[in-house]
Amino acid sequence: MAWPAAAIGPSPAQATTNDIIPPEGRKLSVLADPSWALSLADVLAPEGQAAFKPVAGPNVNFGYTRNANWLRLELNAAASGTALLSLAPNFLDSVDVYVARQRPGLTSADFTPYHHGDHRPLPGDGLSGLQNVVPLALSAGETTLIYIRIANANSSTHLNIGLYPMAELTTRATEASLLSGLWFGGMGVLLVIQLVFFHFDRKPQYPLLALSTLGIMLVYGGNLGLSRMLLFPDNGPGNDLFMGASAWFGLFASALAYSSILELPRLAPRLHRVYQASAVVGLVGIGFAICKSNIVFGPIGNNFALLMGVVNVAQGLRTANESGAASRLRAAAFCVLWIGSVLSLMQRQGYLGLPNVFWHAYAISGLVQAILLTGALGVRLRAAEALTRQMREQALVAAQDAERSANALVVEKTRELVVARQIAEDALQAELRSQQQQVRFMEVISHQYRTPLAAIRSNVDSIDISLPKADDGNRARVKRIQRAIVRLVEMLEVNLARSRLQGPSFKPEMSDAVASDIVAAAAARALDLMPGAEIEVVIEPSARSLRVNADAAMLGLALVNLLENAVKFSAAATPSQVVLSLGAISGAVRISVADSGIGIPDGELERVLGHGVRGSNVGNIEGSGTGLSLVSRIAIAHGGSVGIVSTAGKGTTVQMTLPLASDCGDTMRIASAATA
């Protein structure tokens with residue numbers, strides 16, 4: 001089979017060993033083993049030796065291969081010395097090294113074996129770590145023959161072969177530690193900065209970029225061999241899972257982060273769905289890694305990642321001038337990462353024979369990209385802060401202007417309120433004068449009518465006395481005249497009382513009174529005013545002796561108003577009877593007037609207690625709308641309340657609740673306690 005070309009030319013490490021093994025003294029060839037069954041004895045056989053194909057340079061890269069592979073390395077020493085054979089990376093499943101001095105008739109028993117690979121425990125030789133190291137004792141003029149078997153089932157397969165003196169081991173390990181520490185330290189600082197940005201600006205792009213940065217750190221930590229050395233020194237399958245899952249997690253996190261940074265959900269929803277599909281590919285890759293089938297999905301996923309890199313670059317360049325320096329830094333970041341990813345993937349999959357140094361291109365470009373993207377977000381955050389400060393200043397100026405306008409408005413409205421108050425006071429005084437005139441008018445009318453009515457009544461009484469006892473017809477006529485005079489006088493008195501209560505004389509004079517007496521008197525007075533009315537008085541036994549602290553005349557007038565309304569609005573009903581009832585509830589008396597009249601429409605119950613308000617269904621029934629308002633005022637003046645229950649077309653019940661006199665309340669509590 002044809003193998004990819006390897007890098008040509010000595011590395012700096014090899015230059016230090018040229019005096020021991022010159023470049024022409026190193027020969028490398030490979031043999032594919034699709035069966036994974038060839039042993040050292042098989043490759044030492046003549047047909048096995050004939051199958052080896054020479055390659056140039058110190059590195060081999062097989063990409064995603066399903067074969068095991070044998071390497072034959074021949075070292076012809078020009079001088080004697082001790083050297084270290086370095087084999088990297090350290091995460092290949094198994095790397096078996098067999099070393100012997102070349103001579104005729106070599107058998108497998110003549111070779112010294114060394115077994116490496118992450119499916120085996122980490123060697124305790126003190127030499128191996130990030131690299132698998134084999135010590136070599138070289139003799140001048142002799143050829144050292146080395147066979148290396150590579151078996152790797154779940155990731156790309158490549159091997160970098162280095163040779164350097166024992167004295168350089170400490171220097172190389174120190175350099176590798178410093179470079180790795182600087183890289184991981186830089187990435188860690190960037191990750192913390194991204195989370196700090198999120199603390200000040202709660203947008204998803206900051207934590208998503210932090211996840212992407214973490215993904216790059218995990219991927220490079222696995223590729224560098226840190227996970228094999230630090231996390232899984234004895235567990236190869238665990239390291240395979242870590243490396244595969246880390247790589248696909250990086251694709252998943254990067255797709256979400258780049259979509260958010262490019263603001264695709266808002267600016268390009270369709271392209272955002274492409275990035276969502278890329279994130280799904282990352283999740284699928286994690287599934288393949290868990291199922292130990294990364295070699296199946298790896299080439300597909302890597303090519304898809306390269307394609308998404310092209311999309312990142314295209315979108316970044318397309319929007320490079322939208323947000324000034326921030327968008328330009330973002331575009332540069334995507335370009336750098338795409339170039340590094342392409343070089344790294346091409347080297348790992350064996351394309352173009354790129355040297356091993358390009359294996360680190362992804363890590364370097366990832367660091368540069370994280371710096372540029374973090375800088376872009378920092379620029380945006382700074383611009384947002386400047387905009388916020390500008391808006392705050394503008395808001396302060398606007399608030400100051402608003403305050404000045406408000407002060408001027410307050411002065412103007414205060415002046416208007418003073419004028420309005422004066423107008424209201426003048427109107428109130430006019431209303432009071434009008435009410436006083438109305439009261440005086442009613443007093444004059446009452447006084448002027450009482451004298452002639454008294455004379456008429458006196459003469460009617462004289463006629464009644466002078467009539468013969470047998471003159472029943474004339475006596476009945478006289479009785480009707482007497483009742484009419486009584487009704488007229490009562491009407492005058494009621495209207496005069498109403499006039500006084502609606503004016504400035506609304507001052508109840510409280511005294512202890514029996515509630516049932518007030519109710520009975522009000523019913524009698526209403527019958528005098530409305531002789532044809534049907535009024536039923538119901539006094540519960542428990543309420544007969546209850547006493548209230550009230551102005552009896554004022555309270556009686558309120559009941560007369562309720563009875564007048566009930567009779568008036570139920571005149572057309574059948575039956576048209578009105579019920580006046582007195583009962584007792586806890587600590588109070590309940591006086592209610594119920595009728596079967598026209599009722600009050602829904603939604604108007606709360607309004608009808610207002611002054612001058614009537615129901616919308618009263619039609620041509622006479623009235624001024626002041627009766628219920630007067631009843632409510634009287635109830636409140638007595639420390640009570642008025643409630644109305646009504647159904648349009650079925651009738652109305654008005655209930656007045658008044659507190660008991662103090663001694664009566666004590667009596668009710670004692671009676672309740674005794675009953676309990």
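1. Ala 331 is found in helix 11 (residues 325-348), where helices (H or I, at least four residues) and strands (E, at least two) are DSSP runs numbered from the N terminus. At 4% relative accessibility, Ala 331 counts as buried, a term that stands for under 20% relative accessible area, with exposed meaning over 50% and partly exposed in between (1.4 Å probe, protein chains only). Leaving aside neighbours within four places in sequence, Ala 331 is in contact with Gly 316, Leu 317 and Ala 320, a contact being heavy atoms within 4.5 Å. Ala 320 is 11 residues from Ala 331 in sequence, and the two C-alpha atoms are 5.8 Å apart in space.

2. Some remarks on the basis of the values are in order. This is a predicted model, in which local features need pLDDT of at least 70 and side-chain atom pairs count only at pLDDT 80 or more, while totals for chains, interfaces and linings use all residues. Residues are numbered from 1 along each chain as its sequence is written, and side-chain values use heavy atoms, with hydrogens and water left out.

3. On confidence, the chain averages a pLDDT of 79, and 80% of the residues score at least 70; pLDDT is the predictor's confidence in each residue, from 0 to 100. Over residues 1-16 the pLDDT is below 50, although this stretch has 33 contacts in the model beyond near neighbours in sequence. Residues 666-676 also stay under 50 in pLDDT, and for them the model has 4 contacts beyond four places in sequence. Where pLDDT is low, the predicted coordinates should not be read in detail.

4. For the chain as a whole, there are 17 helices and 17 strands, and buried residues make up 45% of the 676 residues. Of the contacts with a separation of 6 or more, 75% are between residues 24 or more positions apart. The accessible surface comes to about 33,600 Å², of which 61% belongs to carbon and sulfur atoms; these areas come from the Shrake-Rupley method with a 1.4 Å probe, and for residues only the protein chains shown count as cover.

5. Strand 3 (residues 59-63) has 5 of its 5 residues buried, so it is largely enclosed by the rest of the structure. The cover extends to both faces, with Asn 59, Asn 61 and Gly 63 buried on one side and Val 60 and Phe 62 buried on the other. Strand 3 runs antiparallel to strand 10 (residues 157-165), to which 4 bridges join it; two strands pair if DSSP finds at least two bridges between them. Within strand 10, Asn 160 stands opposite Asn 59 and Leu 159 stands opposite Val 60.

6. Strand 10 is itself mostly covered, with 8 of its 9 residues buried. Strand 10 also pairs with strand 5 (residues 81-88) in the antiparallel sense, over 6 bridges, and here Ala 83 stands opposite Pro 165.

7. Strand 15 pairs with strand 14 (residues 578-585) in the antiparallel sense over 7 bridges, and Leu 582 stands opposite Ile 591. The hairpin of strand 14 and strand 15 has 2 residues between the strands, and in it Gly 587 takes a positive phi near 75°. Strand 15 pairs with strand 17 (residues 651-659) as well, again antiparallel and over 7 bridges, with Gln 655 in strand 17 as the bridge partner of Ser 592.

8. Rings of Phe, Tyr and Trp (its six-membered ring) pair if their centres lie within 6.5 Å, and planes under 30 degrees apart count as stacked, over 60 as edge-to-face and the rest as tilted. By this rule the count comes to 12 aromatic pairs. The rings of Phe 197 and Tyr 206 have their centres 6.0 Å apart and their planes at 75°, so this pair is edge-to-face, and both residues are buried. Phe 232 and Phe 242 form a tilted pair, at 6.0 Å centre to centre and 50° between the planes. Phe 232 lies in the loop between helix 6 (226-231) and helix 7 (236-261) and Phe 242 in helix 7, so the pair ties together parts that are 10 residues apart in sequence. Phe 232 is buried, with a relative accessible area of 18%.

9. Ring pairs also link Phe 52, Phe 111 and Tyr 147 into a cluster, and Arg 72 lies over the face of Phe 52, at 4.7 Å from the ring centre. A charge sits over a ring if NZ of Lys or CZ of Arg is within 6 Å of the ring centre and within 35 degrees of the ring normal. The charged end of Arg 172 sits over the ring of Tyr 164, 4.1 Å from its centre.
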